[in-house]
Amino acid sequence: MTKAIWNGVVIAESDDTVLMDGNHYFPAETLKREYTSFSNHRSSSDKGQAQYLSLFVNGEFNPDAVWFYADPTESAAAIRGRYAFWKGVQIQD
């Protein structure tokens, strides 16, 4: 089971992640939405336009720590509907 952990709390866990470019992409239904908040941040890559969510856990805020591609390119279709993490979020296999 792969877990995404930040500030001592499991944000997502799944045995069905997709590994792409060194990042684990978790299925949408495994993301614990009670720890996420909206972000206006966007970025572009060869996978398409990434949208972000921020984390709020145990009174700590981590802006733009979660990203996803709502409409990925054909070469990145495997990560559609999946979320990845950075900015201090630990991934444990």
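Visitor: How do strand E6 and strand E7 pair?
Guide: Strand E6, residues 48–57, pairs with strand E7, residues 60–68, in the antiparallel sense over 6 bridges. Strands here are DSSP runs of E with at least two residues, numbered from the N terminus, and two strands pair if DSSP finds at least two bridges between them. This is a predicted model, where local features need pLDDT of at least 70 and side-chain atom pairs count only at pLDDT 80 or more, while totals for chains, interfaces and linings use all residues. Residues are numbered from 1 along each chain as its sequence is written, and side-chain values use heavy atoms, with hydrogens and water left out.

Visitor: Which residues in E7 are the bridge partners of Leu55 and Gln51?
Guide: Leu55 has Asn62 as its bridge partner, and Gln51 has Phe68.

Visitor: And what does Asn58 do in the hairpin?
Guide: The hairpin of E6 and E7 has 2 residues between the strands, and Asn58 takes a positive phi near 50° there.

Visitor: How many bridges join E7 to strand E8?
Guide: There are 3, with E8 covering residues 82–85 and the two strands running antiparallel. Trp67, for instance, has Ala84 in E8 as its bridge partner.

Visitor: What is the strand order of the open sheet of 6 strands?
Guide: The order is E3-E4-E8-E7-E6-E5, with antiparallel pairing. Strand E3 (18–20) and strand E5 (36–45) stand at the edges with a single partner strand each, so one side of each has no neighbour in the sheet. On average, neighbouring strands in this sheet are turned by 35° against each other, direction ignored; the axes are lines fitted to C-alpha atoms.

Visitor: New topic: is Ser75 buried or exposed?
Guide: Ser75 counts as exposed because its relative accessibility is 66%; the cut-offs are under 20% for buried and over 50% for exposed, with partly exposed in between, using a 1.4 Å probe and protein chains only. Ser75 lies in the loop between E7 and E8.

Visitor: What is Ser75 in contact with, leaving aside neighbours within four places in sequence?
Guide: Met20 and Asp46, where contact means heavy atoms within 4.5 Å. Ser75 and Gly48 are 27 residues apart in sequence, and their C-alpha atoms are 9.7 Å apart in space.

Visitor: What order do the strands take in the open sheet of 3?
Guide: That one runs E2-E1-E9, with antiparallel pairing. Strand E1, residues 2–6, pairs with E2 over 5 bridges, and Thr2 has Ser14 in E2 as its bridge partner.

Terms used
Helix = DSSP H or I, 4+ residues; strand = E, 2+ residues; numbered from the N terminus. Axes fitted to C-alpha atoms, helices over the stretch in contact; angles between N-to-C directions.
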